[in-house]
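Good morning. Please bring up the sequence and the structure, and I will walk through a few parts of it.

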Amino acid sequence: MDRIKEACGVFGCYDLEGNDVVSDIYYGLNALQHRGQESCGIAVSDTAGEQGNVRYKKDLGMVQEVFREGFKKELFGDIGIGHVRYSTTGETTAKNAQPLVLSYAKGSLSLAHNGNLVNIRQWREKLEGEGMIFHTTTDSEVIACCIARERVRSASVEEAVRRTLEKIRGAYALVIMSPRKLLAVRDPLGLKPLCLGRKGNRWVAASESCALEAVGAAFVRDVKPGEMVSITPEGIRSEYFRQKPEAARCAFEYIYFARLDSVLDQVPVYEARLRAGRLLYEAGPVEADLVAGVPDSGVPAAQGYAAASGIPFGIALYKNSYVGRTFIKPTQQEREDGVRMKLSVLASAVRGRRIVLVDDSLVRGTTMASLIHRMKEAGAKEVHVRISSPPFLHPCYFGTDIPTNRQLMAASRTREEICREIGADSLEYLRIEDLEEMAGGLKLCTGCFRGAYPVL
């Protein structure tokens, strides 16, 4: 693994006039595909039909692989939720695909979850001790089972969710479907993004605003940290189940995870990445002939670096969009072959030039070492690496697959040692103190950089 990955993306839709929502969920998940490429699923219900009759389809694969032509004959309903997954907890198997669909004494419950819980083990063991049988290895099933358990003694699904959220700790954006309600829930620190949109009498909840745009819904607002929004035929209602004095959004939503055209908590992602490049130049100026970014997420930061430095911006790498998913490679040679297949060096752009190469992160260094070697083979005089995030020094516990310290290059090597290992002429990172300015003044979680995690 030489790139960090997100846990997943969620999407929910309720048409209060009774129209079918499956197409919107499908297109919304396509727009969120960057957040997870291992599995996906859709669950829908017809509120005018038999209550609690949920139709669903989920499997391993990309959205367009799982939902092939004709799938709409199997799925129809005026309320539904969808999910794309990259696993940070639980195996990559079809049984762990979401949404999760439960039938219990009060009817049905479907849930899609983005994030990780930090106290999941104690609750799983407690429920198993009480006779609960789990069918997956995910955090998400524990949440769903807790809600179903609480619903039996609660007056409403909202109360059951509230009681569950009082017990769990961690990062989560949830969309939950009961027979006649769609709930959108965000963790008290706002670690995971979630927003609301509307298209006529159709309400939408999604991990990112780009998914609203994909289905023609107008952005209404972000779900606030610690907020639960309930959408029913009677209207939309909001309540706060637990609030913290300060939020702590995940810094990597702005650096890498979110799609470039999304706006998260009123901050356009594209502008945040341009600012990262400008701040990166202030941290690490260098004399060079060309600034280039590693596609795709390194490109906006490279544009910002070029604008701040006055060095021309150019394209030095071509990304092959038809390679498909890049899986974890067991050997160094296979990892290098994977990089070579996906990214090609434009020799005419780098020959005889001093290059500033900008990327969003440096984890193990495999990709960067391969790119630098090939650039110099193509005739680059110098390659100066600039990273638009601070050095990774600590693991993440909130739904990002940053590995243990032993696998983090910056945790075990000095900057000079890293330069020698990857073949760079110099290396600079974004300064930790610049992160909040990069994110438009938002308070961020910096646990993977500092080792100090927000209090849950």
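Where does cysteine 396 lie? Cysteine 396 is in the loop that runs between strand E21 (382–387) and helix H13 (409–412). Keep in mind that this is a predicted model.

I start there on account of a database record. An unreviewed UniProt entry lists Cys250, Cys396, Cys445 and Cys448 under "binding site". These residues are spread over 199 residues of sequence, yet they cluster in space, with a largest C-alpha distance of 10.2 Å. Cys250, Cys396, Cys445 and Cys448 are also included in the lining of the largest cavity.

Next, cysteine 448. This residue sits in helix H16, residues 447–450. Is it buried or exposed? Cysteine 448 has a relative accessible area of 10%, and buried means under 20%, so cysteine 448 counts as buried.

Valine 291 touches, among others, Tyr305, Ile311, Phe313 and Val356, leaving aside residues up to four places away in sequence.

Last, a strand pair. Strand E12 (residues 227–232) and strand E13 (residues 235–240) pair in the antiparallel sense over 6 bridges. The hairpin joining E12 to E13 passes through 2 residues. Glutamate 227 stands opposite tyrosine 240 in E13.

Conventions: Residues are numbered from 1 along each chain as its sequence is written. This is a predicted model: local features need pLDDT of at least 70, side-chain atom pairs count only at pLDDT 80 or more; totals for chains, interfaces and linings use all residues. Side-chain values use heavy atoms; hydrogens and water are left out. UniProt positions are given in the numbering used here, feature names are shortened, and annotations may be inferred rather than shown by experiment. On a 1 Å grid over the protein atoms alone, a cavity is a set of points where a 1.4 Å probe fits but cannot get out, and a pocket is an open set with protein on both sides within 12 Å along at least five of seven lines; lining residues have an atom within 4 Å of a point. Helices (H or I, at least four residues) and strands (E, at least two) are DSSP runs, numbered from the N terminus. Buried means under 20% relative accessible area, exposed over 50%, partly exposed in between (1.4 Å probe, protein chains only). Two strands pair if DSSP finds at least two bridges between them. Contact means heavy atoms within 4.5 Å.
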